[in-house]
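Open the model in your viewer and keep the sequence panel beside it. The stops below go from the whole chain to single residues.

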Amino acid sequence: MTQKEYLEWCEYASIEPFGLAVQDTFHAHALSMHANMRRDPAVCPEPFKVDDFRLFNEPEEKPAVEPIVDGLTAEQWRQKFALEALAATRSKGATNPN
C-alpha cells in the first residue's frame with residue numbers, strides 16, 4: 001500500500017468510521033440497555049452509560065496536522081464533492097425537466 005493510498009483510507013475512516021471501535025460502541029450500547037432494564041434502582045440508583053461498557057474508552061487522537069491528499073484536506077474534498085454533486089443535479093434537471 002502506498003502512502004497516498006494509506007492517507008486516503010485514513011481520510012475515509014474519518015468520514016465513515018469502521019472497525020473495532022465502531023463495533024465496540026454498538027456492543028456497549030446494547031449492553032448498557034440490557035443492564036439498565038435489569039437494574040435495581042435501590043441498589044444502583046444511577047443508570048448505566050454506554051461508556052461503562054466500552055472496551056476501548058480512550059478517545060481517538062486526531063493528528064496535529066491534518067493529512068492532505070492531492071493538495072486538499074478532508075473538508076475541502078467534502079466541499080468539492082458536494083459542489084460537483086450539486087452541479088450534476090442542476091445540469092441533469094436542466095436537460096430533463098421532469
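Begin with the loop between helix H2 (20–37) and helix H3 (74–95), and select Asp70 within that loop. This is a predicted model. The phi of Asp70 is positive, about 50 degrees, although the residue is not a glycine. Most residues other than glycine have a negative phi. Asp70 is also exposed, because its relative accessible area of 54% lies over the 50% cut-off.

Now zoom out and colour by secondary structure. The chain has 3 helices and 0 strands, and from the N terminus its elements run α-α-α. Of its 98 residues, 10% count as buried. The chain exposes about 8500 Å², with 59% of that supplied by carbon and sulfur atoms. Among contacts between residues at least 6 apart in sequence, 43% join residues at least 24 apart.

Next, show the side chains of Met1, Tyr6, Trp9, Tyr12 and Phe18. Together they make a nonpolar surface patch of about 640 Å². To look at one member, select Tyr12, which lies in helix H1 (residues 3–15). Tyr12 is partly exposed, with a relative accessible area of 42%.

Last, select the cysteines Cys10 and Cys44. Are they buried or partly exposed? Cys10 is partly exposed at 30% relative accessibility, and Cys44 is partly exposed at 23%.

How values were computed. Residues numbered from 1 in each chain as written. Predicted model: local features only at pLDDT ≥ 70, side-chain atom pairs only at ≥ 80, totals over all residues. Heavy atoms only, no water. Helix = DSSP H or I, 4+ residues; strand = E, 2+ residues; numbered from the N terminus. Buried < 20%, exposed > 50% of the residue type's maximum accessible area, 1.4 Å probe, protein only. Patch = residues over 30% accessible without salt bridge, like charges linked within 9 Å, V, L, I, M, F, W, Y side chains within 5 Å. Areas by Shrake-Rupley, 256 points an atom, 1.4 Å probe, with all protein chains shown as cover. Salt bridge = Lys/Arg side-chain N within 4 Å of Asp/Glu carboxyl O. Contact = heavy atoms within 4.5 Å.
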